[in-house]
Amino acid sequence: MGKVIAVCMSKKKGIAKKNVGSGLFIEDFGLESDAHAGKWHRQVSLLSHEKIEAFRAKGAIVTYGCFGENLVVDSIDFAALPVGTRLSCADVLLEITQIGKECHDKCQIYHSMGECIMPTQGVFAKVLKGGQIKSGDIMSIVEA
């Protein structure tokens, strides 16, 4: 089990997301009003809080949402979970569809640090059942 630390969104692609504290996750769409939501396999992005903290320990000055992640969760190593794993949080049910991503254009974080964790540590999911998620909610792995 893990605890949601941040819920982040942006209205435009290509910019850092902002921690908004809570959001409505819509079945087969993603986070309401987020630029990356839609009818595809990368509706929601997740990143482990511990991976962000380890990156900060290397000197990175990053806030929640800087990597383009929608959900920051403590105590779950998302990159270690296989595609198809289901995650439950409040009323929401997510299914991991992709681990990592290829970055065609190097982001600002990459240019300042020489690396970025989202391509290897970030995961993507689709929303199987919608509902509200807020900071402090508990997330659990329900199926692998």
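Let's start with contact range: in the protein chain, take contacts between residues at least 6 apart in sequence, and 69% of them join residues at least 24 apart. Do keep in mind, everyone, that this is a predicted model.

Now for the elements behind that number. The chain has three helices and 11 strands. Reading from the N terminus, the order is β-β-β-β-β-α-β-β-β-α-α-β-β-β. There are 144 residues in the chain, and buried ones make up 43% of them.

My first stop is glutamine 98, which you'll find in strand β8, residues 92-99. Buried or exposed, what would you say for glutamine 98? Its relative accessible area is 18%, and the cut-off for buried is under 20%, so glutamine 98 counts as buried. And what does glutamine 98 touch, once we skip residues up to four places away in sequence? The list is His41, Arg42, Val83, Val123 and Phe124. With histidine 41 there is also a polar contact, side chain to side chain, at 2.7 Å. If you like C-alpha distances, here is one: glutamine 98 and serine 45 are 53 residues apart along the chain, and their C-alpha atoms are separated by 9.4 Å.

Next, please look at aspartate 137. This residue sits in the loop between β10 (131-134) and β11 (138-143). Which side chain does the aspartate 137 side chain meet in a polar contact? That partner is the side chain of lysine 134, at 2.8 Å. Leaving aside neighbours within four places in sequence, aspartate 137 is in contact with Gly2, Lys3, Val4, Cys89, Ala90 and Gln132.

Last stop, the surface. Leu24, Ile26 and Phe29 form a nonpolar patch there, and together they have about 200 Å² of accessible area. Let me zoom in on leucine 24, which lies in strand β3, residues 22-26. The relative accessible area of leucine 24 is 33%, between the 20% and 50% cut-offs, so leucine 24 is partly exposed.

To recap the stops: glutamine 98 in strand β8, aspartate 137 in the loop between β10 and β11, and the nonpolar patch of Leu24, Ile26 and Phe29.

How values were computed. Residues numbered from 1 in each chain as written. Predicted model: local features only at pLDDT ≥ 70, side-chain atom pairs only at ≥ 80, totals over all residues. Heavy atoms only, no water. Helix = DSSP H or I, 4+ residues; strand = E, 2+ residues; numbered from the N terminus. Polar contact = N/O pair within 3.5 Å; in protein donor to acceptor, adjacent residues only side chain to side chain. Contact = heavy atoms within 4.5 Å. Buried < 20%, exposed > 50% of the residue type's maximum accessible area, 1.4 Å probe, protein only. Patch = residues over 30% accessible without salt bridge, like charges linked within 9 Å, V, L, I, M, F, W, Y side chains within 5 Å. Areas by Shrake-Rupley, 256 points an atom, 1.4 Å probe, with all protein chains shown as cover. Salt bridge = Lys/Arg side-chain N within 4 Å of Asp/Glu carboxyl O.
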